[in-house]
Amino acid sequence: IFDLDGTLLDTLEDLAGSVNYALQQYNFPVHPIEAYRFMVGNGVNKLLERALPDEHKNPDMVSIIKQDFIQHYFAHAEELTKPYQGISELVEKLDNEGYQLAIASNKIHAATEALAKRFFPEISFSVVLGQREGVPVKPNPAIVEGIIEITGIQKDEVLYVGDSGIDAATALNAKVDFAGVLWGFRPRNELEAVGARVFVATAEEIYQLIKAG
């Protein structure tokens, strides 16, 4: 099971661009791209709340700018986004070898599906799930447990791969093995603070870890 943003795809610039666009519509200050490394990961509502000025961090304003963000992001989500080095080859190899592959993201479900189809069109993912109404976001284990239920795989056969402390906590809460990638949005020490102990620096290391059992 792969996280999407910061794990399979480098989506930071497109996300930052769309949030900054939404902020500009209401004359709020914008943020540099790098600042968004620590804003993303907990779903769109939390992303927008973090981006808003302190005096406007409330559900009503989040709801208002969310519409602008979603409209802009769906139009521009693929402009600068790209798979990380070696990722396309990794998922193709795993797919060809018969592994069940899934995506578990806190990104809006429709955008998660669209990006998976756009960047991995040949991959037969067993399940692709993003943020959906009525389902708690990661680190709640609901999304991982939903994937496990759909695929019928046992928990001891699951490897969850992600780039953040949110992902590490999700794996811990779901009671599945976890590997933290070192190319994503968050630093290694954030993952270690949650309990992550296995790290990979390249896509090939993920393959080696899987083959080693």
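**Salt bridges, pair by pair**

A: Let's start with Asp5, which counts as buried because its relative accessibility is 12% (buried means under 20% relative accessible area, exposed over 50%, and partly exposed in between, with a 1.4 Å probe and protein chains only). Its partner is Lys107, and the two side chains meet in a salt bridge of 2.9 Å, N to O; the term stands for a side-chain nitrogen of Lys or Arg within 4 Å of a carboxyl oxygen of Asp or Glu. Asp5 lies in the segment before β1 (9-10) and Lys107 in strand β3 (residues 102-108), so this pair ties together parts that are 102 residues apart in sequence. Here helices (H or I, at least four residues) and strands (E, at least two) are DSSP runs, numbered from the N terminus. Lys107 also counts as buried, at 9% relative accessibility.

A word on the basis for all this: the model is predicted, so local features need pLDDT of at least 70 and side-chain atom pairs count only at pLDDT 80 or more, while totals for chains, interfaces and linings use all residues. Residues are numbered from 1 along each chain as its sequence is written, and side-chain values use heavy atoms, with hydrogens and water left out.

Now for the next pair. Asp10 forms a salt bridge with Lys82, where the closest N and O atoms are 4.0 Å apart. Since Asp10 belongs to strand β1 and Lys82 to strand β2 (residues 82-83), the pair ties together parts that are 72 residues apart in sequence. Lys82 counts as partly exposed, at 43% relative accessibility.

Let's move on to helix α6. Glu145 forms a salt bridge with Lys155, and their closest N and O atoms are 3.7 Å apart. Glu145 lies in helix α6 (residues 142-151) and Lys155 in the loop between α6 and β5 (159-162), so this pair ties together parts that are ten residues apart in sequence. Both partners are partly exposed: Glu145 has a relative accessible area of 34%, and Lys155 is at 32% relative accessibility.

For the overall picture, a search of the whole structure finds 13 salt bridges. As a general point, side chains of opposite charge can pair when their charged atoms come close.
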